[in-house]
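Colleague: Please bring up the two-chain model so that we can go through the interface.

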Amino acid sequence: MKTRIALLGQPNSGKSTVFNMLTGLHRHVGNWPGKTVEKNDGSFEYDGVRYTVTDLPGSYGLTGVSEEEQITASFIRSGQADLVCILIDASQLERSMYMTAEFAPLGVPAILLLNMMDVAKAQGKTIDARLLEQRLGIPVLPFVAAKEAGYDRLKALLAKELKAPHRLKTAPAALQRERGSDVLSDGDAKYRWIRSILDGAVVQRTRPFGLCAFDRIATAPIAGKLLTVAIILAALGMAMLIGTPMSSLGSAIPKLLREPIGRMLSGWGVHPWIVSVFSQLLPNVLCFSVSMTGYVFGVSLVLGLLEQIGFLARVAFQFDGLLSRIGLQGKAICPILMGFGCTVGGAFGTRVMDDPGQRLLTMAVVWAVPCSATWGVVPVVARMFFTPMETFLLCAAIILCTVLMAALAAWIFRPQLTPKTLRCGMIMELPPYHRPHLLQVLEESFHKAWDIFLRSLITVTLVSLIFWALTFSVSGSAEDSLLYRIGVFSEPVTRAFGLGWQTFMGFLSAAFAKEAVLGTLNAAFLGQSSLVDAAFDADAAIGDGTALAYAMAQTVSKAEAAAFLFACTFQVPCVMALSATLRESHSVRWTIRFALFYFFGALLLAGLVYRIAALFL
Amino acid sequence: MNLTQMQAGGFGVVTGVSGDARFLNRVTGIGLTKGVRFQLVRNDGKMPVLLYCRETLIALNRPDAQRIKVRAE
């Protein structure tokens, strides 16, 4: 029995809405074999039969060279879909029919879904679906994807067509060529065919186009940029607000679990190593994963809404010119700004980008952006050495450096991630504004957050174990830990970068979590708490800053302090960002490359800052 | 004349498109083909041009917009 359905459509045709509404929570996100393009599979049940649905990557055609188009074309050609459901935007009928013309030569059973009939009606357009049906030879269903009401009819039609399928009627010869030598005349032939199909079946008024009042500002050169940044920052605020309850819950976990688990295991006479793993490491892994999930949920929700409304396309339009200088699409401004809140949110926010290479490149750039946790550490340590004015100047220099590091990361990774042959300028549609489907965005955000929670557990546990092994000592003293030995051993080298063994340990812990930096410094300089406490129970380990400030001032010069702050800021953001990047990039190789770049980049930068600062301070 | 030389608000017809196959594929897919009528909506300094064509508002980066030859109406 045939049960495999594929959804085909151009961007903004409402394809993902149809996919989500059809499959609900019965879906699975994976990858196309050997590709970085995401693959969405789902299923639904109708009349006792389970049907599978594959959401094909959105593209404007099928004969182009983009990864998405090739995936889609070869998927359909391979016969992996028994029925293709082509989505057409009824409000932009002629243009969105182009996909149908591209699909015609493939000869696979299909139905046509005339989506956004409500918008078309509001435009004063009437479409004779029966006449289209006769001319095309496949069923044509007028549809409004956002309304639940039509889905029963759609499911019934899909089931019926799978039993007795229809194929597109033979089209003119020019259409039959799948990959012609002459793109232009092929394109002409396809639009001529579309005209002949639509002729007499569509009645519409043509009137001059006018931007709506909001768009007149949103697309203006300067006011538009200000408006766009303001809206993204407001969205960032919202995302953090939504994520806060979850992250508070997350940070409550170690406090709740640590004592009882520790007492219970010690009571059983278990080895202190195991006690430490279960009472300190694992609750902390849970804490990280839960807080991370909160941010991901928040970012996913706000960006999902902005995307559905159609605002992100305006953002792309505004920032394309600026960001194309470092090889990024305009939309990259969203994840980059999100990165100021939390790098995890930034890495996750790259979902708004459609090109996989662009996504990875944006992740590399987002890592350079100092997150809010970094701003919780840098000024505190800076004030131990510098006057308020100097601290301010130092922070300003760090922000300036952010731009340089971002540009450097883009410059280094660009040749491989977006090879010259695949580069192209922005050619995109600014869709009309739509009312967002809140429930759907909520559901999808929940789904994504849950997914990242499960996957991050593994990565965060692994990295935490490594860090735990580095910091653990049976005696509890920092000087009995592996990290201490590494720090002391490599001190002759790290000195060249302005880092002593204590600050180098702080630098290493900054890759684990920025929150762990102060605790590690405390343990290294004062030796009052163990490193494990410092790393995995940051709150408890910081204590009074004055003792630390005094101890640090004894051994660390101002130039070294400045070097340390730059090193910490541009170090690998944290284990959560690492795990989110791994999840989002689907690539261990690239995640490791980014990590190496930022580790050594931060060290080199520290060395540079140290030399320069030594001249003045 | 090319697309970037037109006045915003004016109507025009595409008279020719030139570029590599990839570019031609993309503009064809989004509906910009020879003979199609359009309205230029925005054309500001260094920003991409904004045009309305086949009921679609299209943003097109400037270097590419220069490869689209047009006739004002």
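**Interface of chains A and B**

Modeller: Chain B and chain A bury about 3300 Å² between them, 61% of it on carbon and sulfur atoms (accessible area, 1.4 Å probe, that the two parts lose on being put together, summed over both). This is a predicted model, where local features need pLDDT of at least 70 and side-chain atom pairs pLDDT 80 or more, while totals for chains, interfaces and linings use all residues. Residues are numbered from 1 along each chain as its sequence is written, chains are lettered from A in the order in which they are written, and side-chain values use heavy atoms, without hydrogens and water.

Colleague: How many residues of chain A are in contact with chain B?

Modeller: Contact means heavy atoms within 4.5 Å. On that rule, 33 residues of chain B touch chain A, and the number in chain A is 41.

Colleague: Which residue of chain B meets A:Lys125 in a salt bridge?

Modeller: A salt bridge is a side-chain nitrogen of Lys or Arg within 4 Å of a carboxyl oxygen of Asp or Glu. The rule finds two across this interface. In one of them, at 2.8 Å from N to O, the partner of A:Lys125 is B:Glu55.
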